[in-house]
Amino acid sequence: MIVWLTGGSSGLGLHTAKALKEAGHTVIAGARSFHEGEEDGIHHLLLDVTKPQSVTAFCERALTIAPRVDALVQCAGILILGPCEETSPEEYQRVMDTDFLGMVRMNQAALPLMRAQRQGRIVMFSSINGLLGIPFQSAYTAAKHAVEGYAECLQMEAKPFGIQVMLVEPGDHRSGSDKYRPHAAAMSGASPYAAEYESSVAVIAHDEHNGSDPDVLGRKIARALDRKRIPFRKRIASPDQHLAVYVHRFLPAKLNADILRSYYIRKKKP
Ligand SMILES: NC(=O)c1ccc[n+]([C@@H]2O[C@H](COP(=O)([O-])OP(=O)(O)OC[C@H]3O[C@@H](n4cnc5c(N)ncnc54)[C@H](OP(=O)(O)O)[C@@H]3O)[C@@H](O)[C@H]2O)c1
């Protein structure tokens, strides 16, 4: 398979690119920090998913490396941590532009090619946060919820053209880089949210640093892509995160919010 992959320079994108390459696929990966070339058998191209010209250039260049695209795997993503009150509209826009509209731009570039081939696979990285909110990650949670809803529509529209859609919903993995998790600019120690924010960010960082193995996730995606029928949702998470999603679906919303709040916001002992 010829696979185009976004966000291939670090984290889950990098691990997924390696697993796909090891499974025998031709991987053409894009990221802003890439220069054109080949590394460990993976083709690197410059790509900024927030810039339409960059998306077009990536696709044109990829088609000169291999004249088709069998799968588009979208891992590019950023996260801005901050209270809803202190995350600026521009910060929300930045996260939406990368995590959601970036996927829209890439899909709109790949769909005509896949339709002409009458087959294709589109894989979009959502998150457990695409299914439930947690404190101080509202921009990311909103963007991933947008991805979830959008993917449900896309799968129905793309089906007659032989194009399958898959959402990957990872739980915490020990892969992400802190440079893609900045704090909202307005957030400071003087904020009325400071103590709860500090607790929540510490729990988020702890869970990610002690999260699941990103190589295992890469291999699971490679295996799923090899199937004739790919699943629409592929949740790759620890048992407690699977449980959190299940509980979120069935418990009353207020009780669920209290449980999540008490997990993330831990009062310091006096
Ligand atoms: N790590 C986890 O525990 C976890 C959990 C759930 C979901 N996810 C999802 O998995 C995906 C990867 O996250 P990660 O935390 O593993 O990786 P990460 O280390 O945060 O890497 C983010 C990747 O996105 C790329 N990127 C950011 N902005 C971009 C842009 N405008 N254009 C093109 N590429 C861009 C970065 O490359 P450049 O800076 O070089 O452009 C980098 O390769 C994301 O969609 C994330 O939401 C991760």
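Student: By class, how many residues of the shell around the ligand are nonpolar, polar and charged?

Tutor: This is a predicted model. In it, 33 residues surround the ligand, and the closest include L12, S33 and Y140. Sorted by class, the shell has 11 nonpolar, 16 polar and six charged residues.

Student: Which residue has an N or O atom in its side chain 2.5 Å from an oxygen atom of the ligand?

Tutor: Polar backbone atoms also come up to the ligand: one of C75 is 2.9 Å from a ligand oxygen, and one of H173 is 2.7 Å from a ligand oxygen. Those two are backbone atoms. The side-chain atom at 2.5 Å from an oxygen of the ligand belongs to S33.

Student: Which elements give two or more residues to the shell around the ligand?

Tutor: The shell is made of 33 residues. The elements that give two or more of them are two helices, α1 (11-22) and α5 (138-158).

Student: Which element gives the most to the largest nonpolar core?

Tutor: The largest nonpolar core has 32 residues, and W4, F58, M124 and L154 have the most contacts inside it. Elements that each supply at least two of its residues include β1 (2-6), α2 (52-65) and β7 (163-170). With six residues, the element that gives the most is α4.

Student: Which residues are in contact with L154, leaving aside its neighbours within four places in sequence?

Tutor: L154 is among the residues with the most contacts inside the largest nonpolar core. Leaving aside neighbours within four places in sequence, its contacts are N107, L111, I122, M124 and V165.

Student: How many residues has the other core, which lies apart from the largest one?

Tutor: Among the members of this other core are L132, I134, I204 and Y264. The number of residues in it is 26.

Student: Is T6 buried or exposed?

Tutor: T6 has its place in strand β1. Beyond four places in sequence, T6 touches residues including G30, L47, V73 and M106. Its relative accessible area is 1%, and buried means under 20%, so T6 is buried.

Student: Which residue has its backbone nitrogen 3.1 Å from a polar atom of the T6 side chain?

Tutor: Residues that T6 touches, not counting those up to four places away in sequence, include Q74, C75 and A76. The backbone nitrogen at 3.1 Å from the polar side-chain atom of T6 is that of A76.

Student: What is the phi of R118?

Tutor: Most residues other than glycine have a negative phi. R118 lies in the loop between α4 and β6, and it is exposed, with a relative accessible area of 51%. Although R118 is not a glycine, its phi is positive, near 60°.

Student: Where is F136, which has a positive phi of about 70°?

Tutor: F136 is not a glycine, yet its phi is positive. F136 is buried, with a relative accessible area of 11%. Its place is in the loop between β6 and α5.

Terms used
Residues numbered from 1 in each chain as written. Predicted model: local features only at pLDDT ≥ 70, side-chain atom pairs only at ≥ 80, totals over all residues. Heavy atoms only, no water. Near = heavy atom within 4 Å. Polar contact = N/O pair within 3.5 Å; in protein donor to acceptor, adjacent residues only side chain to side chain. Helix = DSSP H or I, 4+ residues; strand = E, 2+ residues; numbered from the N terminus. Nonpolar A, V, L, I, M, F, W, Y, C, P; charged D, E, K, R; others polar. Core = buried A, V, L, I, M, F, W, Y, C linked by side-chain atoms within 4.5 Å. Buried < 20%, exposed > 50% of the residue type's maximum accessible area, 1.4 Å probe, protein only. Contact = heavy atoms within 4.5 Å.
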